[in-house]
Amino acid sequence: MRVLAIETSCDETGVAIYDNQQGLLAHTLYSQVAMHAEYGGVVPELAARDHIQKTIHLVETVMTDSGSTPLDLDGVAYTAGPGLVGALLVGATIARSMAYAWNRPAIAVHHMEGHLLAPMLEDNPPAFPFVALLASGGHTLLIHVKGIGQYELLGESVDDAVGEAFDKTAKLLGLGYPGGSALAALAEAGNPTRFHFPRPMIDRPGLDFSFSGLKTFALNTIMQQGLDEQTKADVAYAFQEAAVDTLFIKCRRALRQTNMNTLVVAGGVGANRLLRQRLIHMAAEEGGRVYFPRPEFCTDNGAMIAYAGCQRLMAGECNGLSIEVYPRWPMSNL
Ligand code: KG4
Ligand code: ZN
């Protein structure tokens with residue numbers, strides 16, 4: 001089965017073609033980051049308008065790159081939520097219209113299920129069941145994954161997502177938007193002993209997270225110390241340590257609680273090098289393994305939507321003709 005997919009949930013237009021026999025045949029991505037950077041964050045109306053400009057062109061690119069014609073396709077997948085309503089509607093409308101014109105089924109994909117299944121695109125993919133940490137700009141979720149569509153939520157952030165905390169702290173440090181990877185790069189020059197940030201909610205039982213206090217701690221530190229170049233790097237270091245350590249502690253707790261030793265990490269923050277190193281080490285200590293997508297498939301992309309859509313179509317699912325999107329869509333409803 002060969003599936004074309006469109007991802008337009010936020011500020012990235014991702015298009016891909018996945019074939020269950022041959023693997024990922026083509027993928028392409030257009031990032032709007034430069035456009036939104038001027039405003040210090042994503043402007044939803046501009047995002048939607050830009051997806052309109054780019055999507056069809058990117059569809060043509062992947063059709064050419066994979067040597068596919070519409071006749072070769074068995075379905076069209078699209079991100080139906082969660083995300084920005086206008087942005088989602090662009091992808092949903094284009095995907096559904098193509099599916100209708102080509103007389104193929106269309107399938108609505110949950111963006112976080114896409115992230116969750118992204119490691120399946122790599123060589124030696126993980127086997128079910130496993131524990132997944134989904135850490136992105138909008139979500140921080142720990143999930144017990146028993147199979148495709150069988151997701152038990154173990155914990156989530158009660159306030160900011162971890163990527164959001166990275167971005168807000170990066171903004172305080174005068175780094176651009178989104179600032180997660182810039183903050184991580186700056187932390188390399190930080191003094192490890194100057195500041196110690198708290199690890200929120202680790203003393204309480206349970207697997208929920210809270211990250212908004214870390215950004216406030218960063219702000220208070222900056223107010224007290226000023227913002228010279230070394231202090232910026234030291235704050236970046238202490239923030240990253242605290243955020244990564246918190247994720248590390250909760251991942252280990254989730255593995256032990258579920259009696260499992262396979263961990264999957266996905267979402268934009270999954271590209272963080274320190275987090276990857278520490279989780280690789282921890283999973284080995286627990287007698288298991290951690291699986292990540294390649295860094296470019298940690299952040300938003302069309303390939304993960306194509307994979308998830310293909311799995312759901314192969315399972316016999318497909319959606320009716322109406323164009324619907326779900327800006328808020330709990331994974332437990334899948
Ligand atoms: O998954 P994603 O591309 O979009 C959402 O679905 O939200 O995640 C984007 C998030 C942003 O908050 C960004 O700052 C963060 O991932 N991020 C990172 C790194 N690369 C991206 N955070 C920490 N370290 C990184 N290397
Ligand atoms: Zn995402």
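The model is predicted, so local features need pLDDT of at least 70 and side-chain atom pairs count only at pLDDT 80 or more, while totals for chains, interfaces and linings use all residues. Residues are numbered from 1 along each chain as its sequence is written, chains are lettered from A and ligands numbered from 1 in the order in which they are written, and side-chain values use heavy atoms, with hydrogens and water left out.

The site of the zinc ion (ligand 2) is irregular, with angles of 93 to 140° among its four donor atoms. H111 (NE2), H115 (NE2) and D300 (OD) coordinate the zinc ion at 2.0 to 2.1 Å; donors are N, O and S atoms within 2.8 Å of the metal (3.2 Å for Na, K and Ca), and water is not among the atoms, so sites may look incomplete. The spacing of these donor residues in sequence is H-x3-H-x184-D. Both histidines, H111 and H115, belong to helix α4 (residues 111-117), where they sit four residues apart, about one turn of the helix. Helices (H or I, at least four residues) and strands (E, at least two) are DSSP runs, numbered from the N terminus. An α-helix has 3.6 residues a turn, so residues three or four places apart point the same way. H111 counts as buried because its relative accessibility is 6%, and H115 because its value is 1%; buried means under 20% relative accessible area, exposed over 50%, partly exposed in between (1.4 Å probe, protein chains only).

Elsewhere, five strands make an open sheet of mixed pairing, in the order β3-β2-β1-β4-β5. Two strands pair if DSSP finds at least two bridges between them. At the edges are β3 (23-31) and β5 (106-110), each pairing on one side only. Strand β2 (residues 12-19) pairs with β3 in the antiparallel sense over eight bridges, and S31 in β3 is the bridge partner of E12. Helix α2 (residues 44-66) packs on the sheet and touches β1 (2-7), β2 and β3, its direction making about 25° with that of β2. Helix α3 (residues 85-102) also packs on the sheet, touching β1, β4 (75-81) and β5, at about 160° to the direction of β4. Contact means heavy atoms within 4.5 Å; axes are lines fitted to C-alpha atoms, for helices over the stretch in contact, and angles run from 0 to 180 degrees between N-to-C directions.

Terms used:
Tetrahedral: all angles 85-135°; square planar, octahedral: opposite > 155°, others 65-115°.
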